Amino acid sequence: MSQSPILPESAPFTPEQRTWLNGYLAALYATPATPEAVAPSGPPITIFWGSQSGNAEGLAEAFGEQLQGRGFKPSVLSMEDFSSVDLTSLEHLLVISSTWGEGDPPDNAVEFWEYLSSDEVPQLPNLKFSVLGLGDTNYLDFCAMGKLFDARLEALGANRFAQRGDCDVDFEESAEAWFSGVLANLGNVETASPTPTEAGNVAVAESWSKNQPFPARLTRNLALNGPASARDTRHFEIALGDSGLEYEVGDVLGVFAKNCPELVQDLLAVLGLDGDDEVPDPDGNSVSLRLALQDHYSITTPARKFLTAFATRTKSDKLAGLLQPEAKQELADYLWGREMIDLLQEFPDHGFTASEFVAVLGKLTPRLYSIASSPKAHPGEVHLTVARVAYESHGRARKGVASTWLSDRVAPEDEVPVFFQVAKHFKLPSDPATDVIMVGPGTGIAPFRAFLEERQAIDAPGKNWLFFGNPHRETDFLYEDQLSEMSKEGVLNRLDTAWSRDQAEKIYVQDLMQQNAALLWEWIEGGAHFYVCGDAKRMAKDVDAALHAAIAVQGGHGEEGAAEYVSRMKKEKRYQRDVY
């Protein structure tokens, strides 16, 4: 009797997603009353995944299991292992990729995309392919990498045997629909499994998840910066009560916030609408327009769906021009510091009714935060380190949705709807004797506070080195007392701090890496794992350059050798990043 596959707790899904897929897999593997083993009778199929947070990886593995159960011969590979495969010899290729940053490939897909885009790659007329992209419709470059992989493979002469799928943050149904299309186009292969549609109807147990967040309680809201600081960073402690929710250091907490009531009122005034009008929420339930704008829809950043509909309604040549593919940078420059309300004020001839307006809005999605605590040190709690976002642009005050909701409008013991998301790509070494190097300026300190608490709790013999930076030592040394105590106790073996504004010449964490390049190389060559958390646009790139330089110079590898060395570190999971 065959056993239904169960995704492990480490699989990169929320509990609800894991439960859904387990039910899906259980139905697909259900053994008939008079079963016969299904011998592989279908063609070999290669699945390449490119993943930053683990969702694409998890889907690739789950779909690989399903293909195997249906008699196919799947191979599931990270894109960083593309060189182990001869693309010209492949018969079927499935590509599952997320998009990172401003339309960029995830870390493990960079080299594959560079190769695929180069003149070195051969024509692939015998290859049949299909692509699934994961993204977020709140970003202008929605599923950019999925679209790029799809177009490039076609340009190389490959044949698309199933249409590309584009998934939003709620990816389950879209991914299932894409995979159903893949199976339908693969042809009739002997199988003992029901169809994906039948499997999708399997009843599964409910659990706390993104679709059913747990109503946790905020127990502490502590300002981490000094009163004279230009920054406002908060430490939040959240009680998990009797939820039964568990997490590991490195994981992520999803928080469902609410929009600012003042912004909602200003939007209603600009729209000339009554907040009592009945409109559908994203799930089709009838609610007041005011409640819909406050609790259910994204009303700050103008997503492409809104921009396209708005340009059509206003018949604005300016907006239509900015939405052309060649005007990508001009559009980004125009939108910088602007929100939906600014466009509504600048182009008032839109004539939205209440229902028409919510129809062009995206769903208010949860904010994801790196967890700043170890469950071993704080049983039943989860901690966050959050920068309160508040600034002025174009003559109007702006507020970060979740950061100001948590900081200003959630009172002690108020409910905070939360769920956990596994971050398979960002974990401590399995061997506690392994040394770790952590680079986390600003709120990037969050997961490394958790790492240090975990290593302290298990009395890990491996050494710990932290690089931390912020503008001023006097006002911006987050968790100073705790880090100082850890240093005294020998938990934190080395702490290097960069205070960028405390001297005439700015100093950043990457500068400290350069100053300590010899010791940095000694740790890395000795097997240390290297972690980075924080700003992706500049800091993470500068840190990556400093790492390459240390390996090139101190290790004597040169520029090309350093690139190969870093690539090996990534494949061995010794170089991990949690950047945003």
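The following exercises, each with a worked solution, concern a predicted model of one protein.

Residues are numbered from 1 along each chain as its sequence is written. In this predicted model, local features need pLDDT of at least 70, side-chain atom pairs count only at pLDDT 80 or more, and totals for chains, interfaces and linings use all residues, while side-chain values use heavy atoms, with hydrogens and water left out.

**Exercise 1. State how confident the prediction is, and where pLDDT stays under 50.**

Step 1. pLDDT is the predictor's confidence in each residue, from 0 to 100. The protein averages 90, and 90% of the residues score at least 70.

Step 2. Residues 1–6 stay under 50 and have eight contacts (heavy atoms within 4.5 Å) beyond four places in sequence. Residues 23–37 also stay under 50, with 31 such contacts.

Step 3. Where pLDDT is low, the predicted coordinates should not be read in detail.

**Exercise 2. Describe the surroundings of strand β20.**

Step 1. Helices (H or I, at least four residues) and strands (E, at least two) are DSSP runs, numbered from the N terminus. The protein has 21 helices and 21 strands, and β20 covers residues 529–534.

Step 2. Buried means under 20% relative accessible area, exposed over 50%, and partly exposed in between (1.4 Å probe, protein chains only). Six of the six residues of β20 are buried; in the protein, 53% of the 580 residues count as buried.

Step 3. In a regular strand the side chains alternate between the two faces of the sheet. From β20, His529, Tyr531 and Cys533 point one way, and Phe530, Val532 and Gly534 point the other way.

Step 4. Two strands pair if DSSP finds at least two bridges between them. Strand β17 (residues 436–439) runs parallel to β20 and is joined to it by four bridges; Val436 has His529 as its bridge partner. Strand β21 (residues 575–579) is also parallel to β20, with five bridges, and Tyr575 is the bridge partner of Phe530.

**Exercise 3. Give the strand order of the open six-stranded sheet and identify its edges.**

Step 1. The order is β12-β9-β16-β7-β8-β13, with antiparallel pairing.

Step 2. β12 (367–370) and β13 (381–387) each have a single partner strand, so one side of each lacks a neighbour in the sheet.

Step 3. β13 is joined to β8 by seven antiparallel bridges, and Ile238 stands opposite Val382 in β13.

**Exercise 4. Determine whether Asn225 is buried or exposed, and what it touches.**

Step 1. Asn225 lies in the loop between β7 (214–223) and β8 (233–239).

Step 2. Asn225 counts as buried because its relative accessibility is 11%.

Step 3. Beyond four places in sequence, Asn225 touches Arg231, Asp232, Thr233, Thr475, Asp476 and Leu478. Thr475 is 250 residues from Asn225 in sequence, yet their C-alpha atoms are 5.4 Å apart.

**Exercise 5. Describe how helices α20 and α21 meet.**

Step 1. Two packed helices are described by the angle between their axes and the distance between the axes. Here, axes are lines fitted to C-alpha atoms, for helices over the stretch in contact, and angles run from 0 to 180 degrees between N-to-C directions.

Step 2. The axes of α20 (residues 539–553) and α21 (residues 558–571) come within 8 Å and cross at roughly 120 degrees.

Step 3. The contact involves Leu547, His548, Ile551 and Ala552 of α20, and residues of α21 including Gly558, Glu559 and Tyr565.
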